[in-house]
Amino acid sequence: MATATTPTASSRDLQKIVESVVAKQVKPAAELPDLQIGDTLDVHCRIIEGEKERIQIYQGVLIAMRGAGINRMITVRRIVANEGVERIFPLHSPRIAKIDIVRRSDARRAKLFYLRQRVGKSRRLRDQRRGLGREEQTAPAPAAE
Amino acid sequence: MPAAILGRKIGMTRMFTDDGKNIPVTVISAGPCFVTQVKTTETDGYSAVQIAMEDVKARRSTMAVMGHDAKAGVAPKRLHREIRMEDDAEASQYSLGQEIGVAALEGLKFVDVIGTSKGKGFAGTMKRHHFKGLCASHGTERKHRSPGSIGSHGTDRGHGAKIKKGKRMAGQLGNERVTIRSLDLVSIDPENNLLLVKGAVPGPRSGIVFVRTPTRLYKSKARKQAGGE
């Protein structure tokens, strides 16, 4: 690490040190599901109320991911009382206990911001397994979207 | 005894604290430093300790510096900084060639970090002093970013058509010594000579920074320190 302190150290060397510092806070890949844009997720958040800690599940559609390493952020959109709500979670935060993939949908782009303009039925995404109809047949959508 | 150390800024990242808080941290690679000179009132008229960091090739150094460092029994160093001491007794606790690592800052809750800010060149008043500029429309032409009036005859200086001293104007921005006081010292890693400090630190990555015991804490930080101990 002594080399990194020289003025000639490349930014890549410096970045390696920065990453090594937080390496143990980054959740190992095995712990995290293989997230894809368009997935409907159950995000299990740890909520601390005074002394007690409980887990709250936030379900919604993954519409964006950004950042790398410990800076990884996921944007999850859901509809609450007919109002769109988006929460941005730091993926590696210890306050996120677990993430489950509820349903996987076809998404043709990396950011699904167009869902913000959608209303009603068109808000739903195509299910990856058997097209749009699938969701209606199986689950009459307690799932938010 | 004021603890201080030289280092280089490595970069910024984020950390999650035990209670799940997400805090921004700057990584500083500090030391190891070596004492290259001990100044006392007898020899120099004041008490101080000079520390140096980073080996430099002999051919890149000068004979004067090499000789100076050789007296302390260390290889020629690139950077030298002086730490002022209260009195000779304090200065004499240090010996020539003594190594100072990040462990010297152990036990501190807060630190001051001194660095040279990134140079922005000659900047206008909007960028340099956050002036608002002039109107975008309403007949304004070619002076949307100008400072406006800078005052007429120097009202506070008697007669004469001179501008008030210290009037904020365009000029060099950045590339100056900046001290950031009372930063939280998040953690120390003596193994890798790393310091983690909460928040931003002046200068570019690889820039030289000087980390020291806080000279005067901000009030809120002082309360925090008093409450915590």
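**Entry 1, the model.** I'm working with a predicted model.

The partners are Y58(A) and F89(A), with 5.6 Å centre to centre and 70° between the planes. I put this down as edge-to-face, because planes over 60 degrees apart get that label.

Y58(A) belongs to strand β2 (residues 52-66) of chain A, and F89(A) to strand β4 (residues 83-90) of chain A. They are 31 residues apart, so I noted that the pair links distant parts of the chain. Are Y58(A) and F89(A) buried or exposed? I found both of them buried.

The charged end of R78(A) does, 5.5 Å from the ring centre. I found the charged end of R87(A) over the ring of Y58(A) as well, 5.4 Å from its centre.

**Entry 4, the sheet in chain B.** I traced four strands in an open sheet, ordered β5-β4-β3-β6, with antiparallel pairing. Which strands stand at the edges? They are β5 (77-84) and β6 (99-100) of chain B; each has a single partner strand, so one side of each has no neighbour in the sheet.

I then followed β5(B) to its partner, strand β4 (residues 48-55) of chain B, and got seven bridges between them. Along this pairing, A52(B) is opposite H80(B).

Last, I looked at helix α2 (residues 63-71) of chain B, which packs on the sheet and touches β3 (33-39), β4 and β5 of chain B. I noted about 60° between the directions of the helix and β5(B).

Key: Residues numbered from 1 in each chain as written. Chains lettered and ligands numbered in written order. Predicted model: local features only at pLDDT ≥ 70, side-chain atom pairs only at ≥ 80, totals over all residues. Heavy atoms only, no water. Phe/Tyr/Trp six-rings, centres within 6.5 Å; stacked < 30°, edge-to-face > 60°. Helix = DSSP H or I, 4+ residues; strand = E, 2+ residues; numbered from the N terminus. Buried < 20%, exposed > 50% of the residue type's maximum accessible area, 1.4 Å probe, protein only. Lys NZ or Arg CZ within 6 Å of the ring centre and 35° of its normal. Pairing = 2+ DSSP bridges. Contact = heavy atoms within 4.5 Å. Axes fitted to C-alpha atoms, helices over the stretch in contact; angles between N-to-C directions.
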